[in-house]
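Me: I have just opened this entry and would welcome a guided look. Could we go through it together?

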Amino acid sequence: MSSASEQETRHQGELDADGTVRPPRPPTAGRGEAPPAGPGAPVAGVNGRPRHAPTPEPEPSPVWPGAPEPLGARFKDGADGAVGTNFALWAGGAEAVDLCLFDEDGRETRHPLTELTHEVWHGFVPGVLPGHRYGYRVHGRWDPWTGARWNPAKLLLDPYARAVDGDFRLPAEVYGHVRDWPQQHVADTVRDERDSAPHVPKGVVVADDDDWSDDRRPKTPWPDSVIYELHVKGFTMRHPDVPERLRGTYAGLAHPAAVGHLTRLGVTAVELLPVHQFAHEDHLLRRGLTNHWGYNSIGYFAPHAGYAASGTRGQQVGEFKRMVRALHAAGIEVILDVVYNHTAESNELGPTLSLRGIDNRRYYRLQSDSRRYADYTGCGNTLHVVQPNVLRLITDSLRYWVTEMGVDGFRFDLAAALVRTMRAVDGPDMLSPFLAVIAQDPVLRRVKLIAEPWDVGSGGYQAGAFPPLWTEWNDRYRDAVRDFWRGALPDVRDLGYRLSGSSDLYAWGGRRPYASVNFVTAHDGFTLRDLVSYERKHNEANGEGNRDGTNDNRSWNCGVEGETADARVTALRRRQARNLLTTLLLSTGVPMLVAGDEMGRTQGGNNNAYCQDNETGWIDWSLLDDPGWRNLAGLCSRLLALRRAHPVLRSRSFFSGRPQGADGLRDLAWFTPGGTEMTEADWYAPTATLGMYLSGRDIPQRGRRGAPVTDESFLAVLHAGPRALRFILPGPPWAESYELLVNTALEDQHTAPGLRREGGSRISVRARSVLLWRVVRGGDELPSPDADLCPKGE
């Protein structure tokens with residue numbers, strides 16, 4: 001129930017922009033009212049008898065009926081072959097919709113859309129060509145107490161706009177309510193009558209040009225995938241070999257210098273931080289900052305215009321497609337980080353940019369007090385995905401990016417918010433309409449689908465719960481690996497699960513180890529270098545008093561907070577970085593790297609650099625001039641080549657842990673420093689050392705022609721203790737001898753002499769290091785010392 005003051009404001013009449021109350025408008029012609037006289041209407045005649053005025057020849061309407069499908073603005077041939085654009089907007093509760101066209105000087109022409117089919121307002125306008133800018137004004141009731149927030153003074157972005165021209169700067173005029181109303185507790189109920197058109201971006205008509213056929217795509221199988229999370233702008237902004245005019249753009253990422261780094265590294269997919277058109281938050285703009293990461297979407301079909309080098313009148317669409325083609329030609333898939341859980345319109349005090357002004361009550365989840373928004377995202381609002389029009393918007397968008405823009409998959413931000421059903425308070429539901437639609441869609445079920453399996457609402461943590469077809473960001477992997485290497489794990493039970501594919505989370509319903517996207521770092525949090533250099537966040541530059549960002553970093557600074565000139569501390573930090581990176585790339589599952597981690601990128605301890613569109617958020621490519629960080633990049637490339645060459649390191653099935661033959665050899669075995677298999681008691685005992693044996697003899701996998709797949713076997717020794725350790729290499733049947741491939745105690749893996757040890761030998765493992773051994777059995781030939789995958793040993 002509204003308060004007395006709210007009811008008084010509500011019924012006094014409407015308010016001018018200056019805050020003065022003006023009386024309610026007199027009735028106007030509308031639904032259920034007599035229309036005004038016009039051509040053909042009865043007029044007074046002789047003796048009061050009505051007569052009809054002559055009816056002139058009707059003039060052609062500037063808007064033809066058009067079609068309700070597809071939604072959006074589609075350039076096409078109309079009736080009689082006329083060239084123009086069909087406009088279609090779903091606005092179920094609206095009373096009227098005006099199409100607004102803008103010329104080169106920004107002058108607006110309004111055309112009422114009079115055709116309404118199944119809640120879609122539509123019309124065809126001859127002569128409107130690609131590059132033309134447009135928006136909508138939607139008429140309806142202003143009644144925030146029931147969630148109705150129509151305001152035709154606000155120009156709205158078409159949710160289906162495929163290109164956007166202009167920036168969202170959020171002056172007071174773009175708010176549907178009087179933003180600066182003195183009584184802020186009722187500000188959202190006072191309608192602002194000022195025109196927002198001069199202050200907001202416009203949609204752009206884009207021509208259809210081509211389709212994507214499947215033979216252009218790399219189609220990398222999930223088990224073989226290595227994901228590289230990057231920011232389009234941050235990746236290229238400081239790259240010395242990318243032309244300056246292309247830096248920070250789609251064209252810059254497509255440049256051979258950028259693509260070359262990805263291919264040399266050996267990743268198979270880039271996961272782009274949001275590239276849907278997004279807006280900057282008002283609180284950032286007031287502090288002179290912007291949203292760098294882009295998790296504030298407002299246009300689900302439009303490539304973000306700020307990343308285009310070629311122009312923003314539709315050129316960004318072609319530039320994005322050329323980027324995808326360049327990456328595909330290099331064998332690299334493109335995955336988009338998508339934000340369908342909320343929009344840039346925020347809560348009831350946010351701007352009116354698009355969906356709020358089209359039909360607030362059906363696009364967003366509202367509380368029982370319909371003035372307020374249900375917020376399961378921490379960003380002010382939550383899209384109401386159960387509503388058919390919202391579900392259609394999302395799935396139409398996904399299909400568009402696959403079929404017309406060529407992308408290969410999606411990572412869904414806060415995916416748990418998308419699977420909440422009508423009663424969101426009941427929590428996420430894995431039988432939700434969203435998941436059901438995806439599962440049966442012939443386009444979407446064939447692409448890569450990655451869930452961030454949580455939101456901020458009650459019951460929102462859903463790691464391990466998403467159904468087959470889906471992979472998930474595995475934060476339990478991140479936490480276990482970080483805790484092990486900083487010495488905070490009480491035992492190694494959790495680590496064993498994480499290294500071997502997290503069967504405790506994913507071995508159900510036909511899911512496989514590649515359901516786990518393993519990561520140690522992500523865009524959100526410390527970089528790899530900062531993870532070993534800081535124990536506390538340093539987010540002062542964000543302007544929020546260092547209150548933003550998590551305090552649960554699970555990091556270790558190696559004894560000194562921040563950068564230091566102490567050579568011993570620096571060497572230890574680089575070793576820890578090698579340990580974390582090597583652990584990630586030897587684990588079963590799909591590894592995800594973060595751009596720049598392989599070369600020591602730092603954010604100066606900022607673990608929430610979402611608003612740092614500057615050197616903090618951009619990769620410093622000069623780090624590769626430092627031999628230490630260049631060696632880290634070399635180790636990363638070497639480990640990825642090793643992974644690519646050996647199927648046992650990227651298993652398609654969970655290990656059984658059971659003997660595979662008469663000799664008792666297991667496909668996965670765990671060893672203590674004494675060279676004995678771990679018992680149940682060993683798993684519960686405090687330890688900082690773990691030996692993991694992966695047998696390639698009996699891989700549960702067949703080749704393309706049905707032949708069994710066999711591989712070499714490996715022993716990884718992970719030692720997180722602060723002192724050197726004696727470790728006994730398991731003897732027969734596990735191995736007759738071993739050859740060392742990787743030793744993270746060494747900064748340069750190429751410069752050490754070769755090393756081979758017999759099974760049963762006692763070896764010294766240096767403090768905080770990983771050793772990777774190739775198993776040698778009788779009759780095996782050792783690779784030559786110069787072989788790419790066999791660096792000289794310790």
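**Around helix H4**

Reply: Helix H4 is followed by Gly266, a residue with a positive phi near 100°. Please bear in mind that this is a predicted model.

Me: How many residues of helix H4 are buried?

Reply: Seven of the ten residues of H4 (residues 256-265) are buried, so the helix is largely enclosed by the rest of the structure.

Me: Which residues are buried in H4?

Reply: They are Ala257, Ala258, Val259, Gly260, His261, Leu262 and Leu265.

Me: And what covers the buried residues of H4?

Reply: The cover includes strands E16 (227-230) and E17 (269-272), together with helices H2 (232-236), H3 (250-253), H6 (315-329) and H15.

Me: On to the strands. In what order do the eight strands of the barrel close?

Reply: The order is E16-E17-E20-E21-E22-E23-E24-E25, and the pairing is parallel. On average, neighbouring strands of this sheet are turned by 30° against each other, with direction ignored. E16 and E17 belong to this barrel, and both are also part of the cover over the buried residues of H4.

Me: What holds such strands to one another in general?

Reply: Strands of a sheet pair through backbone hydrogen bonds, in either a parallel or an antiparallel manner.

Me: Over how many bridges do E21 and E22 pair?

Reply: Strand E21 (residues 409-412) and strand E22 (residues 448-451) pair over four bridges, in the parallel sense. Within this pair, Gly409 has Lys448 of E22 as its bridge partner.

Me: Let us turn to helix packing. At what angle do H14 and H15 pack?

Reply: The angle between helix H14 (residues 567-586) and helix H15 (residues 627-645) is about 15°, and their axes are 10 Å apart. That makes H14 roughly parallel to H15. Their crossing is right-handed.

Me: Which residues make that contact between H14 and H15?

Reply: H14 contributes Arg574, Ala577, Arg578, Leu581, Thr582, Leu584, Leu585 and Leu586, while H15 contributes Gly628, Trp629, Leu632, Leu635, Cys636, Leu639, Leu640 and Arg643. By type, the contact residues divide into eleven nonpolar, two polar and three charged.

Me: How far apart are the axes of H8 and H9?

Reply: The axes of helix H8 (residues 388-403) and helix H9 (residues 433-440) are 11 Å apart, and the helices pack at an angle of about 35°. This crossing is right-handed. Leu391, Ile394, Thr395 and Leu398 of H8 meet Pro433, Phe434, Val437 and Ile438 of H9. Of the residues in this contact, seven are nonpolar, one is polar and none is charged.

Me: Now the backbone. What is the phi of His118?

Reply: His118 has a positive phi of about 50°, although it is not a glycine. Most residues other than glycine have a negative phi. His118 sits in the loop between strand E9 (115-117) and strand E10 (120-126).

Me: Is His118 buried or exposed?

Reply: His118 counts as exposed because its relative accessibility is 75%. Ser346 also has a positive phi, of about 55°, but Ser346 is partly exposed, with a relative accessible area of 23%. The loop holding Ser346 runs between strand E20 (333-338) and helix H7 (355-363).

Me: Finally, which residues does a cis peptide bond join?

Reply: Pro70 lies in the loop between strand E4 (50-52) and strand E5 (72-77). Another joins Pro732 and Pro733, with omega about 5°. Pro733 is found in the loop between strand E29 (725-728) and strand E30 (737-743).

Note on methods
Residues are numbered from 1 along each chain as its sequence is written. This is a predicted model: local features need pLDDT of at least 70, side-chain atom pairs count only at pLDDT 80 or more; totals for chains, interfaces and linings use all residues. Side-chain values use heavy atoms; hydrogens and water are left out. Helices (H or I, at least four residues) and strands (E, at least two) are DSSP runs, numbered from the N terminus. Buried means under 20% relative accessible area, exposed over 50%, partly exposed in between (1.4 Å probe, protein chains only). Axes are lines fitted to C-alpha atoms, for helices over the stretch in contact, and angles run from 0 to 180 degrees between N-to-C directions. Angles under 35 degrees count as roughly parallel, over 145 as roughly antiparallel, 65 to 115 as roughly perpendicular and the rest as oblique. A crossing is left-handed if the near helix is turned anticlockwise from the far one by less than a right angle, and right-handed if clockwise. Contact means heavy atoms within 4.5 Å. Ala, Val, Leu, Ile, Met, Phe, Trp, Tyr, Cys and Pro count as nonpolar, Asp, Glu, Lys and Arg as charged, and the others, Gly among them, as polar. Two strands pair if DSSP finds at least two bridges between them.
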